[in-house]
Amino acid sequence: MSRARLVVALDVPDAESARAAAARLHGHADVLKIGLELFAAEGPALVREFSEAGWGIFLDLKLHDIPATVQRAVARTADLGVELLTLHATGGPAMLSAAADGRGGATLPRLLGVTVLTSMDQAQMEAVGLDGTPSEAVARLCGLAQQSGCDGVVASVLEAAAIKAARGTDFLVVTPGIRPAGSARDDQSRVATPADAVRAGADYLVVGRPILRASDPVAAADAIRREMETALGDE
Ligand code: C5P
């Protein structure tokens, strides 16, 4: 298995806070995740700035629109040097295939399907017409994402091993909800340690508050990376 990469979720409101965190963590993490909040505030200029500074960029925009619009949006993110980009698998096969075409033959950005948001329970799923239990829907949408040209999915560590078994080791699994032993859960309900994530086969571990809110973010990131390396050595 190749080395799993550490993604820091830059859940901050503006460029100043984002730059401060990125400068501190340079060399101590691999990828920065920019989500809707920071992208809405600062736009593509900040993405380009971090990409040009050598960071891998995970642009978590969760695209869901008509195929032509998504295809063009993917092309623009490719211009920015984005490594990972999310889109909703429920956008359907035509939208997902168009997204893959948006790369124009390049391999980046790697496209990650979002299957069932963790904020959705059975009642919420039924309200939008999604059949089956959440885990059945996740399995079905992972298959759809793979068949439609996505490179992987965002999933919890608890689902990672089953997804790898069903979809093959090359199908990327990106896992949030990571908490080093002893750290606060915050609002995450289903958490796993960095070692659990690596052992389950995760390719990218997304960590926000346990690093950004630590009294020493560099030490927190280094400890997570050490735990990841040790777990990889156990394989
Ligand atoms: O601070 P924390 O480590 O909980 O941050 C996790 C990041 O992963 C946040 O940006 C959050 O939005 C994202 N995420 C998540 N759970 C999901 C999908 C994404 O926590 N199911």
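Predicted model: local features only at pLDDT ≥ 70, side-chain atom pairs only at ≥ 80, totals over all residues.
Figure 1. Asp 11 places a polar side-chain atom 2.8 Å from an oxygen atom of the ligand. Gly 208 uses its backbone: an N or O atom there lies 2.8 Å from a ligand oxygen. The protein covers 79% of the 470 Å² of accessible area that the ligand has on its own (Shrake-Rupley method, 1.4 Å probe). A polar contact is a pair of N or O atoms within 3.5 Å.

Figure 2. The ligand takes up the space of the largest pocket. A pocket is an open set of points on a 1 Å grid over the protein atoms alone, where a 1.4 Å probe fits, with protein on both sides within 12 Å along at least five of seven lines. A molecule sits in it if more than half of its atoms lie within 2 Å of its grid points. Strand E8 (204-207) and helix H10 (209-212) are the elements that give two or more residues to the shell. Residues around the ligand include Ala 9, Thr 118, Pro 176, Arg 179 and Gln 188 (a heavy atom within 4 Å). By class, the shell has five nonpolar, three polar and four charged residues. Gly counts as polar, Pro as nonpolar.

**Figure 3. The cis peptide bond at Pro 109.** Leu 108 and Pro 109 are joined by a cis peptide bond, with omega about -5 degrees. Pro 109 lies in the loop between helix H5 (93-101) and strand E5 (110-114). Helices (H or I, at least four residues) and strands (E, at least two) are DSSP runs, numbered from the N terminus.

**Figure 4. Backbone of Lys 62.** Lys 62 belongs to strand E3 (residues 56-63). Its phi is near 45 degrees, a positive value in a residue other than glycine.

**Notes.** Residues are numbered from 1 along each chain as its sequence is written. Local features need pLDDT of at least 70, side-chain atom pairs count only at pLDDT 80 or more, and totals for chains, interfaces and linings use all residues, while side-chain values use heavy atoms, leaving out hydrogens and water.

Conventions: Polar contact = N/O pair within 3.5 Å; in protein donor to acceptor, adjacent residues only side chain to side chain. 1 Å grid on protein atoms, 1.4 Å probe; cavity = no way out; pocket = protein on both sides within 12 Å on 5 of 7 lines; lining within 4 Å.
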